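The stops below can be selected in order.

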Amino acid sequence: MAMQISTGTSELRDITKMERIGAHSHIRGLGLDDRLEPREISQGLVGQVKARKAAGMILKMVQEGRIAGRAMLFAGPPSTGKTAIALGMAQSLGSDVPFTMIAASEVFSLSMSKTEALTQAFRRSIGVRIKEETELVEGEVVEIQIDRSLTGATKTGKLTIKTTDMETIYDLGTKMIDALTKEKVLAGDVIAIDKTSGKITKLGRSFARSRDYDAMGADTKFVQCPEGEIQKRKEVVHTVSLHEIDVINSRTQGFLALFAGDTGEIKPELRSQINTKVAEWREEGKAEIIPGVLFIDEVHMLDIECFSFLNRALENDLAPLVIMASNRGMARIRGTKFRSPHGLPMDLLDRVLIVSTKPYTESDIREIIQIRCQEEDVQLSPEASTVLTTMALQTTLRYALNLIACAQVVSRKRKSELVDVEDLRRSYTYFMDEKRSVQWLKEQQGSLIFEEIEGTSDDVMDSSS
Ligand SMILES: Nc1ncnc2c1ncn2[C@@H]1O[C@H](COP(=O)(O)OP(=O)(O)OP(=O)(O)O)[C@@H](O)[C@H]1O
Ligand SMILES: [Mg+2]
């Protein structure tokens with residue numbers, strides 16, 4: 001008789017997933033149709049048609065592998081959807097294409113040089129699709145037997161597995177037993193075990209067993225018992241980024257650093273060795289380069305050294321598509337005395353396709369608010385919705401979106417599920433928007449610390465100034 005494996009772990013209930021709601025969690029894609037025309041409202045995005053269309057065209061080129069080493073810049077006033085559209089692009093890229101997102105200021109706060117941080121970001125955004133042959137054990141599980149030592153510390157066992165043609169018994173070690181338990185493998189399951197990594201994949205339940213169990217979930221998939229040999233060689237394809245290859249091969253780091261996140265600096269010699277190796281694989285047809293996307297938000301926070309690095313890096317033949325976003329108009333380039341559009345030096349601007357985002361119309365704002373309310377599970381009364389739209393026009397879209405959750409807390413206090421104008425009004429008095437805050441600061445002249453700095457312009461303050 002087949003027995004069900006039971007160790008403590010299988011009884012641990014899956015922790016209920018809590019859906020986190022972030023500022024952009026309503027965005028699921030770019031909302032384009034097959035002809036790349038933006039639908040007015042789709043996949044969480046509203047309006048901003050031109051920018052979305054441009055983003056879609058770029059995306060298409062990325063997917064066809066035709067664009068690498070190019071750069072585009074989203075430029076526009078605050079809260080006009082620059083970050084939102086970039087995230088929409090990321091969602092429609094497909095799981096295989098790497099997308100890296102950094103905020104420009106991160107470059108300065110890592111424990112490595114600026115250029116190293118940028119290099120890592122670049123290499124994170126280049127995928128290498130590698131074809132490898134691995135040895136698989138594939139078949140229907142006939143029986144799993146587990147013997148536990150008295151203390152329970154060590155386990156041994158046997159796995160009987162069959163195809164339509166043969167049946168074999170494998171000895172199991174503790175690690176395999178744990179893996180089988182974790183995957184909840186039962187007799188009658190068709191599984192594949194990767195012999196090198198020990199990874200177990202459940203392919204489905206055998207048709208032969210379809211009548212044995214009546215307590216199966218609706219999503220149980222039935223498959224035929226495999227034919228032929230139990231051990232097979234199979235070609236598997238997986239995608240890793242150049243950065244991952246760097247880290248795994250860096251002797252001082254080892255792949256554990258990938259999980260820890262602090263990868264430190266990587267030696268240039270190693271990188272060039274890896275580039276050569278990858279080029280070799282490409283020639284042999286073993287690997288394929290997939291240029292991905294690197295998104296640098298708030299790009300005006302980079303300084304002149306970073307910009308000149310970008311210029312050079314974009315010309316490398318292993319460069320991703322670089323998307324930047326900036327809400328600055330004429331601004332000082334960090335690290336220099338010069339002012340330039342969007343805070344980017346001219347020579348970089350020259351290489352960049354610029355897409356501008358424009359302030360939203362009233363009806364767009366109304367729709368965005370509607371979408372956010374759905375996302376946050378908030379019910380707005382029609383009047384409240386109108387009032388909030390007006391608020392967004394007078395203050396900013398972000399402020400209005402932030403008020404939604406606050407107003408819900410206020411309405412819950414009076415035990416109502418419907419958010420009304422009064423709740424909005426009260427949140428409006430509790431939380432200031434930027435204009436009122438500035439006004440308030442003026443009224444408080446002298447009573448707050450650090451106010452004296454006279455003549456601060458819109459320039460970015462900089463240590464080198
Ligand atoms: N077209 C849109 N459709 C749906 N939601 C949007 C749209 N544009 C912006 N939003 C939402 O409005 C908020 C502000 O937009 P976002 O953060 O993208 O602005 P931004 O242009 O990046 O501003 P900043 O320059 O300040 O970084 C976000 O919560 C975003 O998800
Ligand atoms: Mg932004």
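Which backbone nitrogen does the side chain of Thr 336 reach? Select Thr 336 and Phe 338: the backbone nitrogen of Phe 338 is at 3.1 Å from the side chain of Thr 336. Thr 336 sits in the loop between β15 (330-332) and β16 (339-341); helices (H or I, at least four residues) and strands (E, at least two) are DSSP runs, numbered from the N terminus. Thr 336 has a relative accessible area of 14%, so this residue is buried (buried is under 20% relative accessible area, exposed over 50%, partly exposed in between, with a 1.4 Å probe and protein chains only).

A note on the source: this is a predicted model, in which local features need pLDDT of at least 70 and side-chain atom pairs count only at pLDDT 80 or more, while totals for chains, interfaces and linings use all residues. Residues are numbered from 1 along each chain as its sequence is written, chains are lettered from A and ligands numbered from 1 in the order in which they are written, and side-chain values use heavy atoms, with hydrogens and water left out.

Next, select Gly 228, in the loop between β10 (222-223) and β11 (231-241). Gly 228 counts as partly exposed because its relative accessibility is 24%. Show its neighbours: leaving out residues up to four places away in sequence, Gly 228 touches Thr 163, Thr 164, Asp 165 and Met 166 (contact means heavy atoms within 4.5 Å).

Now go to the largest pocket, by selecting Ala 23, His 24, Ser 79, Arg 398 and Leu 401, which lie nearest its centre among 29 lining residues. A pocket here is an open set of points on a 1 Å grid over the protein atoms alone, where a 1.4 Å probe fits, with protein on both sides within 12 Å along at least five of seven lines; lining residues have an atom within 4 Å of a point. The space in the largest pocket is about 520 Å³.

Colour domain 1 (41-125 + 292-356) and domain 3 (362-444): both give residues to the lining, so the largest pocket lies between them. The domain bounds come from an automatic or database domain assignment. Then highlight α14 (397-413), one of the elements that supply at least two lining residues; α14 gives the largest share, five residues.

Finally, zoom out to the whole protein chain, with 16 helices and 19 strands. Of its 465 residues, 42% count as buried.

Terms used. Grid points are joined across faces, edges and corners, and a volume is the space filled by probe spheres set on the points. A polar contact is a pair of N or O atoms within 3.5 Å; within protein, one must be able to donate a hydrogen and the other to accept it, and residues adjacent in sequence count only if both atoms are side-chain atoms.
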